[in-house]
Amino acid sequence: MDITSLSNDILKHLVLEFRNNDKPGLPFEEIQNAFQGVSDTDLIKAISILTSKRYVKPFEADNIPYFVTLNQFGINAVE
């Protein structure tokens, strides 16, 4: 899976979690669990793409996201 497709899938997953479970964001571990088999490096790159588009805001420690929140732009992009 290419990084752009992965970023789109992560965004869709975040929006679904927001809509279905009222979660405005997810810990990185939950994203890892949802995308098992995808390396952490690729997940981080995909989140960086979403961040550059202002779709998400990651909270980071040592340049690794530990929590990713969904922005309104991200919700609008999926709708």
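1. A residue counts as partly exposed when its relative accessible area lies between the buried limit of under 20% and the exposed limit of over 50%. In this predicted model, E30, with a relative accessible area of 31%, is therefore partly exposed.

2. The side chain of E30 meets that of K23 in a salt bridge, at 3.4 Å from N to O, and salt bridges that share partners join E17, K23 and E30 into one network. The K23 and E17 side chains meet at 3.9 Å, N to O; K23 is partly exposed at 30% relative accessibility, whereas E17 is buried at 16%.

3. A search of the whole structure finds 3 salt bridges, one of which links R19 and E79, with the closest N and O atoms 1.9 Å apart. Because R19 lies in helix α1 and E79 in the segment after α4 (72-78), this pair ties together parts that are 60 residues apart in sequence.

4. Helix α3 (residues 40-52) has 13 residues and should span 18 Å at 1.5 Å a residue, which agrees with the 18 Å between its end C-alpha atoms. Its buried residues are L43, A46, I47 and L50, and these line one face of the helix, because they fall within an arc of 100° when seen down its axis. What covers them includes α1 (3-21), α2 (28-34), β2 (56-61) and β3 (64-70).

5. The largest nonpolar core has 17 residues, and I10, L14, I31, L43, I47, V56 and L70 are those with the most contacts inside it. Helix α1 gives the most to this core, with 5 residues. Leaving aside residues up to four places away in sequence, I31 touches I10, L26, L43, I47 and V68.

Methods
Residues are numbered from 1 along each chain as its sequence is written. This is a predicted model: local features need pLDDT of at least 70, side-chain atom pairs count only at pLDDT 80 or more; totals for chains, interfaces and linings use all residues. Side-chain values use heavy atoms; hydrogens and water are left out. Helices (H or I, at least four residues) and strands (E, at least two) are DSSP runs, numbered from the N terminus. The expected span of a helix is 1.5 Å times one less than its number of residues. Buried means under 20% relative accessible area, exposed over 50%, partly exposed in between (1.4 Å probe, protein chains only). The arc is that of the directions from the helix axis to the C-beta atoms. Contact means heavy atoms within 4.5 Å. A nonpolar core is a set of buried Ala, Val, Leu, Ile, Met, Phe, Trp, Tyr and Cys residues joined through side-chain atoms within 4.5 Å. A salt bridge is a side-chain nitrogen of Lys or Arg within 4 Å of a carboxyl oxygen of Asp or Glu.
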